[in-house]
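Q: I have not looked at this one before. Can we go through it step by step?

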Amino acid sequence: MPIRVDPEKCDGCGVCIRSCPMDALRMKNNKPYLRYDECWYCGACMEDCPRQALTLELPYQIS
Ligand code: SF4
Ligand code: SF4
């Protein structure tokens, strides 16, 4: 899963759901999750989260 949610920070506002250009995020138990493997690693959800609750885990190392 490329998206990691910090449940302590996330308040379930849903901003990230609306930010995703792929419409790949959905809410479950008031927390976002990736509905299918369509993430482009664009970072929009992470950038727009007002609580810095999302972390994007890239599939490769940046050194
Ligand atoms: S990184 Fe981009 S494509 Fe992936 S879930 Fe977030 S907004 Fe959607
Ligand atoms: S934008 Fe951030 S705080 Fe809001 S639902 Fe998404 S992860 Fe949670």
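**Overall shape and local details**

A: The protein has a radius of gyration of 11 Å, which agrees with the value near 11 Å for a compact globule, because a chain of 63 residues would be near that value if compact. This is a predicted model.

Q: What box do the C-alpha atoms fill?
A: Along the principal axes, the C-alpha atoms of the protein fill a box of roughly 30 × 20 × 15 Å.

Q: And what is the secondary structure?
A: The protein has two helices and four strands. From the N terminus on, the elements run β-α-β-β-α-β.

Q: How much of the protein is buried?
A: Buried residues make up 13% of the 63 residues.

Q: What about contacts between residues at least 6 apart in sequence?
A: Among those contacts, 53% join residues at least 24 apart.

Q: New topic, the ligands. Which residues are closest to ligand 1?
A: Ligand 1 is surrounded by 14 residues, and the closest are Cys20, Cys39, Cys42, Ala44 and Cys45. The shell around ligand 1 has 12 nonpolar residues, two polar ones and no charged ones.

Q: Which come nearest to ligand 2?
A: Cys10, Cys13, Val15, Cys16 and Cys49 come nearest, out of 13 residues around ligand 2. The shell around ligand 2 divides into nine nonpolar, two polar and two charged residues.

Q: Where does valine 15 lie?
A: Valine 15 is in helix 1, residues 15–19.

Q: What is valine 15 in contact with, leaving aside neighbours within four places in sequence?
A: Valine 15 is in contact with Asp48, Cys49 and Pro50.

Q: Now the backbone. What is the phi of asparagine 29?
A: Asparagine 29 has a positive phi of about 50 degrees, although asparagine 29 is not a glycine. This residue is found in the loop between strand 2 (25–28) and strand 3 (31–34).

Q: Is asparagine 29 buried or exposed?
A: Asparagine 29 is exposed, because 7 other C-beta atoms lie within 10 Å.

Q: And what about phi of glutamine 52?
A: Phi of glutamine 52 is near 50 degrees, a positive value in a residue other than glycine. Glutamine 52 lies in the loop between helix 2 (44–48) and strand 4 (54–56). Glutamine 52 counts as exposed, because it has 11 C-beta neighbours inside 10 Å.

How values were computed. Residues are numbered from 1 along each chain as its sequence is written. Chains are lettered from A and ligands numbered from 1 in the order in which they are written. This is a predicted model: local features need pLDDT of at least 70, side-chain atom pairs count only at pLDDT 80 or more; totals for chains, interfaces and linings use all residues. A residue is buried if 20 or more other C-beta atoms lie within 10 Å of its own, exposed if 12 or fewer, and partly exposed in between; C-beta atoms are placed from the backbone. A residue is near a molecule or strand if its C-beta atom, placed from the backbone, lies within 6 Å of it. Ala, Val, Leu, Ile, Met, Phe, Trp, Tyr, Cys and Pro count as nonpolar, Asp, Glu, Lys and Arg as charged, and the others, Gly among them, as polar. Two residues are in contact if their C-beta atoms, placed from the backbone, lie within 7 Å. The radius of gyration is taken over C-alpha atoms; the globule rule is 2.2 Å times the number of residues to the power 0.38.
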